Amino acid sequence: MSPKYDFRRALLPVLFLAAVSQAAVAEEDLWATMQKTASAARELNYQGLFVYHNGAMIRSVQITHIYEGGREFTRNVVLDGRPREVFSEGDDIVIFNAKNDKVVIEKRRGQNLFPAMLPTQLYPLKQNYKLKFVGQERIAGRLAQVIDMIPNDNLRYQYRIWSDAEYGLLLKMSMLDMEGHTLEQIGFNQVAMLHTKDLDWFQPKIDATKPYVMDDTTDLTHTVDNLVVANLPAGYKKVDQIQLKVPGRTAPVQQLIFSDGLASVSLFVEPMVKGMQPRVGKKTMGSTNVYAHVLNGYQLVVVGEVPAQTVEQIAQQVTFKK
């Protein structure tokens, strides 16, 4: 065996360990960037215009966000189609929808609104995704770091993140299918940091001449029942359960929400009553998959912006306690 061969052989483990170490550091650096991005959307003051694309649907939205006294205040004004304004203060969301001759007020809770798409606790994402640095691009006139979130399995989609290189604010985000095709995209066309904490803008301006009525279809109280979803898809857990009062229905509809920290799936459970047509089957609409079937006299519908096998797996794991 030649001396040259011995030297290279001895050096290989060192080079391998160095490469592994560099990769590990790079991965941690990317997660640090993601953490900065998750916080920036909630803690910075900014105003801008972003556009949402999903299939043939395109919506332009004007956003104003202020972080004051440990509280977030956000106002989204939809600029296309029917007038609509979305206000959020912390996790409480109020939606003003112009419908015919009135303005309907809806209450929601805990939805991740752009650019606050990433959770502040990244641990669940670290269990389900790997990060890859793609490069740098300009978005809305600002330099951004581009990072891919690659799922560890086929139970969730891939995401591409554009993070502002200076402030960390999420400038753009795409959802990709298994073949790398864009399913959904949302991103700023223009954005600027605000240097004021004035909250005069935090009020609806749809139409003060129309009556404002409350929408009572959503009961935001937590509910407990005899429903069990055993063996959820890997990385998913139940994050909420509410009941809905659907117009024309005699019994409330239960909604269970599951998430892996980013992807979200809803299970709707409704008792079958006389004259009700059962819905059975599956359907794909852009990034959204639906799976419906009937179990023990209940209509089950699972909906989510996740691959088809994820909604099907959840639907097939539903049982009822005796």
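Two strands pair if DSSP finds at least two bridges between them; helices (H or I, at least four residues) and strands (E, at least two) are DSSP runs numbered from the N terminus. This is a predicted model, in which local features need pLDDT of at least 70, side-chain atom pairs count only at pLDDT 80 or more, and totals for chains, interfaces and linings use all residues. Residues are numbered from 1 along each chain as its sequence is written, and side-chain values use heavy atoms, with hydrogens and water left out.

Q: What makes strand 18 and strand 19 (residues 288-295) a pair?
A: They share five bridges in the antiparallel sense, against a requirement of at least two. Lys283 stands opposite Val290 in strand 19. The two strands form a hairpin with two residues between them, and Gly286 in the turn has a positive phi of about 65°.

Q: Why is strand 18 (residues 281-285) said to lie largely in the open?
A: Buried means under 20% relative accessible area, exposed over 50%, partly exposed in between (1.4 Å probe, protein chains only). Of the five residues of strand 18, zero are buried, so the strand lies largely in the open.

Q: Why is Asn128 called buried?
A: Its relative accessible area is 6%, and the limit is under 20%; Asn128 is therefore buried. Asn128 is found in helix 2 (residues 123-128).

Q: What does Asn128 contact, leaving aside its neighbours within four places in sequence?
A: With contact meaning heavy atoms within 4.5 Å, Asn128 touches Ile150, Pro151, Asn152, Arg156, Ala234, Gly235 and Asp260.
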